[in-house]
Amino acid sequence: MIRRTFKLAWFKRNRYSLTVIAIGLSVAFIVSTLLLTTSIADVGEPLNEAYDGVDVVVRGPEVAAGDGPVAGITAPVPPTVVDALTAEGYEAVGFTSPYAQVLDPAGNPGGQDQTSSNVAEPWLGDSALNGFEIISGTAPAGLGEVAVDASTADNAGLEVGSTLRYVTDAGLQEAELVGIATFGGADNDPYTSTLLIDAGDPVFTPTRGFDYVLVAGDGEAVGTEEAAALAPGTEVLSGPAWVADQIDLLDQFLGFFSTFLTVFAVIAVVVGMVIVTNTFTVSLAQRTEELALLRLVGTTRRQLMAQVVLEAVFLGAAGTLIGVLVGLAGVNGMGWFLDLLGLTIERSNAISSTAIIIGVIVGMGVTVVAAVWPAWKATAVAPIEALRSAELEPPSASRKRLIAAAIALAIGVGCLGYGMIQGDILFTGIGIGGAFLALYLGADTLIRLAAVAVRPLLGRAGPTGIVASRNLERNAGRTSAAASALMIGISLIAFFTLMAATIGQFVAGDSADALSADYVVQGIGNQPEPALGDETLAALAAVDRVTDVVPLYSTSVTPLGEAEIERVGPGDAALGTAITDFDALTGVYEFTVNAGSLDDVTGTAVVIDQALADSFTLAIGDPLEVNTLAGEVELAVAAIVETSLPGAPQPAVIGDLDLGDALGYSEPATAAYIAGDADEAALTAAVGLPTIDVLTLDDYVDGLSSNLDTILALVYALLAVAVIIALVGIANTVSLAISERVGEIAAIRAAGASSRQIFWSLISEFGLLALVGVVSGLVLAWVSATAFFQALSDGQITYPETDVVTGLLIVLAGFLGGAAASWFPALVAAKADILDVLRAD
Amino acid sequence: MSTELLQPDGVGKGRSDASSDTPGDNVARLVGATKTFGEGDAAVTALDDVTIGFRRREFTAVMGPSGSGKSTLMYCQSGLDRLTSGHAYVGDVDVSTLTDQELSVLRRSKLGFIFQSFHLVPALSARENITLPVDLDSGADVDEAFLTELTDVLGIANRMENRPSQLSGGQRQRVAVARAMIPRPDVIFADEPTGALDSKTSGELLAYLRKAVDDLGQTIVMVTHDAVAASHCDRVIYVQDGRLVGEALHPTVDDILDKIRELS
């Protein structure tokens, strides 16, 4: 039977080729995603090797939580701790990881990218605490000599023996590049571009103690208890525990990407599965007569089932094989695309066999599972059907399906309503799921309604138009899955677009409108570093026609107490805090004051935004206890404003310059607002550092949502894969439907229809099919986004930013996509020789 | 070698001029028509230098054993298939010179087709199937009086709103006949039109085709195996191995059976 089934499947290879492609694309996507995810996860590995000589790590207690490679803010470890440990005979080195941005030979910031930190570390030579190893050149041997990690050297095009320029908080520096180093066997410390400098360099002079202290015993390992006794008021971890902690932080940051990619892989699988089910439904329906004939000559239903499922196994195997091969190649493509977006996700080169095994299981599994239901339905055919040339399917909608759709809709609407009113995300989610299911189940009815609705229009094109609309109506039960697949892709694209546009508007909108500064000066890439030193601020103030320079110092504090803040965007538990020359700020930023007075802002009396006031139910004069670098501090609410300063995230707390002292904050400014119609070139010259941008107000406002745009570009690219799979599904449905209709097409051709008329009839039929998918996808997305914001934003956002033009463009694109997908099969059908069909009788 | 009518049989010799390759009264004609399938050793000559004409208001049967080339003759004459060499004329137009678009227009305005397995469009009602060739012409209107007359005579007037799946085989074929007739074509090509029908139904259908020729002046070329069907025709031509091997005017069933026996 295996041979016979294989022969049958091979005989129909043309019919199944698009199915195989759809399966292949889905599998490829899964394999690429999993490979990328696992290789991303491996990035923390070098830390184990680099720090295997570290016995104990001392760090201060955490004062503000933080995500990503930049760990949460911890209180500094006093230099006395290092002295005490050293006095005991241990090797102890305190780290501050000061900012150091390497410049490439052309003078531009080089090294890695937006996602990496740019730091300087002391060169520790033979010490067990040294995670770096020189692989080319020599180690820095004194002031004026530096080394860089291999990845930075590679990216910035640096060569041993050349003069290297770099920027620190103290300004532009110059040194000789004497060596290139690896970190724990890898090209670099993950997500870090490291400049290795002699430990005696002034850049390492601690201003407020150390971030952490690495400790190693002299020949004998140091215990955490021994170290803790010498470092009161700090947190002491074993080396491995600290490394695990660091890897954990990396994973948290990367977990976002992994989850993100996995979600899209799942979407690709769902779309692929819908298409495989559809293919089997359509192709088995066409074979009713063949199946009935097999039943007539005595084949049992079980034998038929086995045959069909075996066919699925062959298809799954072919698709999976293609998918794994494409997936292996695709992971590099994905990495390339991420690089292109500036989201360099570091990854190892290891090929995970797990990823391939999962891909194979999913590819085979999905195909077989997707074939079972259509096979079960199709094999229920009565043998007598072989003798009848009955219509393949009654034109009326399946009542069961319609009832199920109605139930799903009722549940969906109910849950959505409840979720929106109560702000309950779970019910909102269930509601969105219900609406989705209703659309999926009701897709055939929608297609029938659409077919009937456009009939007068199509009818004007003559009988071929009528035929198009009637066929769409008649075959809706079978073709609806293709529309549903497209609906999934489009609804997700539209959903994310609405989310991004709305959040972007929320972030940039009102707060940016209130800003009247002429320029904003800040570190490149929208990062808190590099900082604007006092000399830089002074130089800016000295530029012609500059009327005011308002420095912004950014930090964060962790609120104490029970309230949990819910803010749109990445905020976590920490509250973004801006310290500034408040009087000057009011000159370039117009606050909408909801309560209190801006005149009262001084010392620990601060401005908070309405969102924070709502979350903590704070009123004027209320205390706000926070944990800071200087310990616990009690702030007082002097004023509540509608929206805070622009930024992502926006600072929730704004205080005057003397707040910095209260919070123990002494770093340089991270940005400055410039007032006055100064010359941009003059400002840039005054700054004199390639690591700091001078932005016009417009460029600054555009840039506010640029992070969001990057993420959105990634989302689009990934969803595009789902949409492409869906379009392959449409093409598949079209060619299957056409192969079923060759007789009909020949009859119309014999009656005098030109191939052009046939072609446009098919194109309009399947364009309409795609249109139904696209429109339902858009509706679903809009409802979901609205529900989502109503449930989550505490009434701050009631409706998503809706752009009707974009919506219409997507609709048009969907119709054109469907038409394009059916172009080739329709062309083949329209050009087919009438006689081939007539002779076949 | 040219196989031109009339050659072997002598019956109806007086009409040989009319059945020649000159335009004359012919609505369709083949001149030196040759059709070869395949290439090299595998080549099969389905039509071998055939020259024949079909006169206006004449009901012609094309007979011959399976594989004799009779269907190919019809397909090439109607422009559904292209000749390897020679010419196929409908009126004065050489169909081999027409583009696909022009052929489509020719089929919808000048030709009608009836097939053994009906080939109705399942998505369209009986009425829409019948008016299909006229509707395909955006400028043309259906001649309602003629449509009523046709459907009355064919006995399908009360089934106009039904889909093909709701009609019997005989009804479907009568819808196909009406579809072939509605544009008042110069010539109708019928390929085994009674092949899928029982003897009573096929008798009725043939009677109707006969009437169409006699009363409406229709020209019909019918490919058939069936001697009884052929006996309704004015003229029967015999095809064997791609050549014309005989012709008879108004033959009886026995005449036809004798001729077939003689050929095999």
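Predicted model: local features only at pLDDT ≥ 70, side-chain atom pairs only at ≥ 80, totals over all residues.
**Chain A sheet**

I started with helix H4 (residues 79–87) of chain A, which lies across strand S1 (56–59), S4 and S12 of chain A and runs at about 165° to S4(A). Helix H7 (residues 239–286) of chain A packs on the sheet too, touching S1, S12 and S13 of chain A, and its direction makes about 100° with that of S13(A). For touching I used contact, meaning heavy atoms within 4.5 Å. My angles run from 0 to 180 degrees between N-to-C directions, with axes as lines fitted to C-alpha atoms, for helices over the stretch in contact. Helices (H or I, at least four residues) and strands (E, at least two) are DSSP runs, numbered from the N terminus.

Residues are numbered from 1 along each chain as its sequence is written, chains are lettered from A and ligands numbered from 1 in the order in which they are written, and side-chain values use heavy atoms, with hydrogens and water left out.

Then I traced the sheet itself: it is open, with four strands in the order S4-S12-S1-S13 (chain A) and antiparallel pairing. Strand S4 (91–95) and strand S13 (235–238) of chain A are the edges, each pairing on one side only. Neighbouring strands here are turned by 20° against each other on average, direction ignored. I took two strands as paired if DSSP finds at least two bridges between them. S4(A) and strand S12 (residues 212–216) of chain A run antiparallel and are joined by five bridges; Gly94(A) has Val213(A) in S12(A) as its bridge partner.

**Chain B sheet**

Next I looked up the open sheet of six strands in chain B, ordered S7-S8-S9-S4-S10-S11, with mixed pairing. Its edge strands are S7 (111–115) and S11 (243–249) of chain B. The twist averages 20° from one strand to the next. Strand S4 (residues 59–63) and strand S10 (residues 235–240) of chain B run parallel, joined by four bridges, and Met63(B) stands opposite Tyr238(B) in S10(B).

H2 (residues 100–110) of chain B lies across S7 and strand S8 (187–191) of chain B, at about 80° to S7(B). H8 (residues 253–263) of chain B lies across S4, S10 and S11 of chain B, at about 15° to S10(B).

**Where A meets B**

I counted 28 residues from chain A and 27 residues from chain B in the contact. The area buried between chain A and chain B is about 2,400 Å², with carbon and sulfur atoms giving 58%. That is accessible area (1.4 Å probe) that two parts lose on being put together, summed over both. Pro463(A), Arg470(A) and Ala751(A) supply 21% of what chain A buries against chain B, more than any other three residues.

Which salt bridges join the chains? The count between chain A and chain B is two, by the rule of a side-chain nitrogen of Lys or Arg within 4 Å of a carboxyl oxygen of Asp or Glu. Asp100(B) pairs with Arg749(A), closest N and O atoms 2.9 Å apart. Glu128(B) pairs with Arg470(A) at 2.6 Å, crossing from helix H3 (residues 126–135) of chain B to helix H14 of chain A.
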